[in-house]
Amino acid sequence: MFKIPDHQVAGHQASNGIIGPLIDNSGRFYKPLQSDDRGSQEVAFYTKFSSNNEIPNHIRKFFPTYYGTKDIEASDGSGLRPHLVMEDIASIRTNPSLMDIKMGSRTWFPTASEDYIMRCLKKDRETTSLPLGFRISGFQIYGSEDSGYWKPERKYVLGFSTNDVRIALRKFVSSNSSDDLVPEPDCAFAETVYGGADGVLAQLLKLKAWFEDQTIFHFYSCSVLMVFEKEATLKGEGPGATIKLIDFAHVIEGEGVIDHNFLGGLCSLIKFISEILENLPQNSAQVSAY
């Protein structure tokens, strides 16, 4: 009934001796609760978020549907373990392209231990988190039936420079997605994935409008997950490009203060994607509306 997901691009993945997420055939994703406070904190977030009447319905769609917790056999066969149960975002697509983007120039939360803060700060400084306000944590790009997926190693992705990030975001929506950052991406899918009334940019702008006002939560070390499917995009079928916020183990109370850390990263990501659309000559008239 349960299996290791094929399309996980970041986070803790199941491997020899390591417990990781599982999926089933009904479109649900099972994330093992971590033994320290992170597991209980993520459950607490979903519980608060689900019951909070101040969250607009158009914002709720940017968060995975939450089905509670369930004890199931762990991925390493070590016995029953509690798991968060959420929608499997990739399940409705056959060959999804995904990108996990960790938001914020600061990924550590204020009450973290000094050791944890130093580890996060080191990674923030060594990646694009500090200069850009976000970093790409992992991705996979579907090419074709013959070429399959390009899914680079995480160490390679975390070493991206600012220009590498720019190229990767272009390559994510390109038809010439070979296993490297060159040749020049053709951005063949940019208009339909990033642009338009329901594209990624429009979704990010709606999210930005909410973050400019919301003071309920501060989302540390949270990611934006972008998903689309090339075949469906070409045919004008399927659910289209989707963004979801994921990973809420380090969400804290906003206490009436705007989450500038997340908002800054979101504005930066919007700028990068807007520049891609602005540099497509055939889209210049449409992009000016943004």
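**A first look around**

Thr 127 counts as buried, because its relative accessibility is 8% and the cut-off for buried is under 20%. Keep in mind that this is a predicted model.

**Around Thr 127**

- You'll find Thr 127 in the loop that runs between helix 3 (114–126) and helix 4 (129–132).
- On one side of the story is Lys 123: its backbone oxygen lies 2.8 Å from a polar atom of the Thr 127 side chain.
- The side chain of Thr 127 also reaches the backbone nitrogen of Ser 129, at 3.3 Å.
- What does Thr 127 touch, not counting residues up to four places away in sequence? Those partners are Arg 135 and Leu 158.

**The nonpolar cores**

- Now for the greasy part: the largest nonpolar core has 63 residues. Phe 63, Leu 169, Tyr 194, Phe 219 and Met 226 have the most contacts inside it.
- Which helix gives this core its largest share? That is helix 10 (residues 260–278), with nine residues.
- Another core, of eight residues, lies apart from the largest one, and it includes Ala 112, Tyr 116, Ile 117 and Cys 120.
- As a bit of background, nonpolar side chains tend to be buried together in soluble globular proteins.
- Phe 63 is worth a click: leaving aside neighbours within four places in sequence, its contacts include the aromatic residues Phe 45, Phe 49, Trp 210, Phe 219 and Phe 248. Phe 63 is also in contact with Glu 87, Lys 244 and Leu 245.

**The second largest pocket**

- There's about 220 Å³ of space in the second largest pocket.
- Its lining is made up of 16 residues, and Thr 192, Thr 233, Pro 239, Gly 240 and Ala 241 are the ones that lie nearest the centre.
- How do the lining residues divide? Five are nonpolar, seven are polar and four are charged.
- At least two lining residues come from each of helix 7, strand 9 (223–229) and helix 9 (230–235).

**Glu 191 in helix 7**

- Helix 7 covers residues 190–193, and Glu 191 is part of it.
- Is Glu 191 buried, exposed or partly exposed? With a relative accessible area of 32%, Glu 191 is partly exposed, because that category sits between under 20% for buried and over 50% for exposed.
- Glu 191 and Leu 277 are 86 residues apart along the chain, yet their C-alpha atoms are separated by 6.9 Å.

Note on methods
Residues are numbered from 1 along each chain as its sequence is written. This is a predicted model: local features need pLDDT of at least 70, side-chain atom pairs count only at pLDDT 80 or more; totals for chains, interfaces and linings use all residues. Side-chain values use heavy atoms; hydrogens and water are left out. Helices (H or I, at least four residues) and strands (E, at least two) are DSSP runs, numbered from the N terminus. Buried means under 20% relative accessible area, exposed over 50%, partly exposed in between (1.4 Å probe, protein chains only). A nonpolar core is a set of buried Ala, Val, Leu, Ile, Met, Phe, Trp, Tyr and Cys residues joined through side-chain atoms within 4.5 Å. Contact means heavy atoms within 4.5 Å. On a 1 Å grid over the protein atoms alone, a cavity is a set of points where a 1.4 Å probe fits but cannot get out, and a pocket is an open set with protein on both sides within 12 Å along at least five of seven lines; lining residues have an atom within 4 Å of a point. Grid points are joined across faces, edges and corners, and a volume is the space filled by probe spheres set on the points. Ala, Val, Leu, Ile, Met, Phe, Trp, Tyr, Cys and Pro count as nonpolar, Asp, Glu, Lys and Arg as charged, and the others, Gly among them, as polar. A polar contact is a pair of N or O atoms within 3.5 Å; within protein, one must be able to donate a hydrogen and the other to accept it, and residues adjacent in sequence count only if both atoms are side-chain atoms.
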